[in-house]
Amino acid sequence: MTFSRSALLLLFLVGCTTGGPRPLPMEGFDGDVEFDAGPVDAPDAGPLECSAGSTVGDDCASDPQCSDGCFCNGIEACSDEGVCVAGTPVVCDDEIDCTMDACDEMADRCTQVAMDELCQDDDACNGLEVCDTSLGCRTTSPLYCNDENSCTVDSCDTEMGCLYNPRDLDGDGFTDGRCGGDDCDDDPRFGTMIYPGAPEDCMNRRDDNCDGFRDFNDPTCLPMNGTCAAAQPLDGPGTYSGSTRGLTDDVDLSCKTSGPDAFFTFTLPETMDVRVTVSGASGTAVSIRRAAVCAAGPDIGCNDFSPPTLLRRSMAAGDYVIVVKQSSGSTFDLTLNFEPPTVIPPVDTCGAGTVDVSAGGTFEGMFGEVEDDYRLNCNGNSRRDAAYTFTIDEPKDVVLRASSTAPSFNTTYISLVTDCDDSDSTIACRSSSGTAEVSVRDLPPGTYWVLIEDSHASAGTWLLDVSIMDPAPRSPGDTCSSVIDITSSTGTAAWSTAALDVGASCGTSFSPRDVIFTFTLDTPRDVELTTTSSSSHWTALHEECGRPSTERRCRNGGTTLTQNFRSLEAGTYFVIVHSSSSSGNATARIVTSPPTPIPPNDRCSGAIPIVGSRVATDTLVDFEDDLNMGCGGSNPDAFYEITVATRTGITATVEPVAGFTHSHNLSLRSSCTSVALECHTGRPAVIDTVLDPGTYYLVVEASPFSASDYNIRVFTYIP
């Protein structure tokens with residue numbers, strides 16, 4: 001049987017022949033799935049005429065006479081009856097279900113054409129199925145759906161093939177922010193509830209709504225723990241978010257008495273060491289109290305360093321309260337740790353067990369064995385400190401020398417106090433990169449404490465040398481016991497016989513001498529104080545001799561320095577002249593006159609309230625210098641008070657009136673004695689900032705030689 005060319009083409013288009021073996025299972029399947037092309041319609045298998053014409057039925061004498069010249073219909077033969085009969089058609093079935101089998105009349109052979117479409121399993125992921133003319137249906141390699149892009153989640157869909165979706169690991173419907181999306185936390189462990197528009201949880205230390213503000217930094221979060229009764233319970237050790245924004249001043253702490261405060265409560269299950277650290281804005285203090293005396297205290301410990309940290313060893317089991325007090329409303333993080341109880345070293349804190357050095361001698365220790373418990377008024381940093389004590393029954397000369405070691409350049413600090421918890425009780429505080437020395441002569445009878453710190457956070461050891469001696473004779477003006485009275489006459493003291501006993505806050509520890517004068521006022525008077533020295537010097541006015549905390553003012557000058565005090569109250573005052581001179585004399589004299597009124601805002605207590613705005617011309621003429629906090633220097637100053645109940649923007653400008661060209665200093669403070677939050681100098685001086693709820697002070701200053709009228713403009717706005 002032969003196929004015509006048109007029939008052959010039809011066979012190619014129709015498909016495989018019926019029957020034959022089933023194709024091999026494709027790779028990636030378990031063997032139960034088979035590919036069967038199923039029955040395929042084939043052209044009619046009846047007699048087909050060859051192009052040479054059929055010979056069947058013709059008379060013949062031999063087989064060659066019957067050949068019709070065609071291959072596919074078989075070989076014709078001459079029967080015994082002498083008639084041509086048809087041959088047996090060529091069978092081209094290769095038993096491969098995915099091939100189309102046909103007989104090629106022109107080539108005189110069978111052909112098989114692979115039909116890939118008969119092998120498809122409708123799964124784009126396991127690879128393309130193809131037909132092998134020898135083996136049947138086979139599979140190619142599965143799709144490799146990895147675009148090497150960490151910001152896509154790669155997958156394969158049976159119909160669509162490889163898919164590369166933007167990364168959303170937590171499945172909250174928002175693309176990972178690290179890949180250009182707006183989900184700030186795509187971690188599937190924590191981020192399922194964190195996405196733009198989510199409600200802000202104020203205590204979970206996460207930015208739930210992805211607005212860039214975590215917990216109480218978010219405007220929607222306001223603290224509710226502003227009293228002892230509303231104290232926020234802490235679940236135990238950990239780090240917690242907190243804020244005093246919108247809270248009020250509820251209790252006084254031993255280390256900070258003003259500012260809004262927040263309360264937290266915790267239960268200590270057994271005797272443990274307790275450590276509390278608060279990180280946040282400057283002007284922050286933290287204390288621990290027993291819960292039963294939350295409102296009235298006392299504090300078990302209180303610290304206002306930066307950052308404030310408390311360690312209380314071997315605290316008994318019970319309920320406690322942590323109070324965080326700030327100069328103004330602000331956010332903070334509070335960390336609470338419980339540690340196994342340890343014994344308090346006898347040099348760690350001031351108390352009954354503190355090492356007594358009354359007999360004098362040399363003492364040493366390691367900073368790694370003590371904690372930061374106290375504040376030295378000559379060290380502005382929070383550092384570990386060592387404590388010693390001594391008691392004297394009669395006046396003594398006391399010399400204390402301390403040195404310390406550290407991994408790199410360091411400064412040693414030593415302080416002599418009467419109360420470790422009150423820096424205002426400081427008698428003397430000195431520092432040095434070598435040996436720091438406190439020398440106090442004629443120290444009155446009493447119990448005293450010695451505190452030592454180092455400037456380096458990783459300080460190693462300290463060495464303390466204590467000498468307590470009977471007092472030696474004093475030259476006039478040399479010490480508090482030999483002051484020179486200048487109430488009615490000029491006083492003179494020699495530098496050659498003077499030593500450093502009290503000092504002046506604006507002076508320096510490298511100037512090792514001071515002399516002391518005194519005067520008494522029976523009634524309030526204006527006082528003009530003039531001091532002279534053989535070289536430059538510093539002059540301070542104290543209310544109590546040997547007590548730096550009672551200092552009224554400290555100024556520096558050349559060989560002559562004149563200061564004016566208006567309406568100085570009745571009482572006895574001490575003039576401390578501090579210098580590095582070793583020869584010549586120091587003199588001091590006063591001239592008094594009837595008291596003149598002090599302008600109200602010359603002092604912080606008379607600060608002018610600003611409500612909403614102020615546009616005015618004010619003056620610094622005849623104003624005194626009351627605030628010497630390192631922002632405006634030793635200059636006359638004027639005070640203004642601003643109180644805001646909600647978060648408020650403020651713009652303040654100060655400039656001289658027409659005809660003057662000098663600059664002013666303008667500072668913003670949370671209290672009159674705090675470090676400036678902002679300080680600007682200029683013509684005009686400008687502050688533009690946003691304030692949290694609270695009370696603030698604007699301070700205007702100018703050089704004493706430029707004190708004049710000035711224009712001040714203050715405006716508030718909703719940020």
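How many of the nine residues of strand β20 (residues 396–404) are buried? The points below answer this for the predicted model and then turn to its disulfides.

1. Strand β20 is mostly covered. Seven of its nine residues, in the run 396–404, are buried.

2. β20 has a partner in strand β23 (residues 436–443). The two pair in the antiparallel sense, over six bridges.

3. Now the cysteines. The structure holds 15 disulfides. Three of them are taken up here, among them the link of Cys72 to Cys103, with an S to S distance of 2.1 Å. The angle about its S-S bond is -90 degrees, and the link is left-handed. Cys72 sits in the loop between α1 (5–14) and β1 (77–78), while Cys103 belongs to strand β3 (residues 99–104). The pair thus links distant parts of the chain, 31 residues apart. Both Cys72 and Cys103 are buried.

4. Cys255 is joined to Cys302 by a disulfide, S to S 2.0 Å. The torsion about the S-S bond of Cys255 and Cys302 is about -60 degrees, so this disulfide is left-handed. Cys255 lies in the loop between β10 (238–243) and β11 (261–268), and Cys302 in strand β14 (residues 301–303), so the pair ties together parts 47 residues apart in sequence. Cys255 is buried, and Cys302 is buried as well.

5. Cys350 and Cys420 form another disulfide, with their sulfur atoms 1.9 Å apart. Which hand does it have? The torsion about the S-S bond of Cys350 and Cys420 is about -75 degrees, so the disulfide is left-handed. Each cysteine lies in a loop: Cys350 between β17 (331–339) and β18 (361–366), Cys420 between β21 (412–417) and β22 (426–432). The pair links distant parts of the chain, 70 residues apart.

6. Is Cys420 buried or exposed? Its relative accessible area is 7%. The cut-off for buried is under 20%, so Cys420 counts as buried.

Notes: Residues numbered from 1 in each chain as written. Predicted model: local features only at pLDDT ≥ 70, side-chain atom pairs only at ≥ 80, totals over all residues. Heavy atoms only, no water. Buried < 20%, exposed > 50% of the residue type's maximum accessible area, 1.4 Å probe, protein only. Helix = DSSP H or I, 4+ residues; strand = E, 2+ residues; numbered from the N terminus. Pairing = 2+ DSSP bridges. Disulfide = S-S within 2.5 Å.
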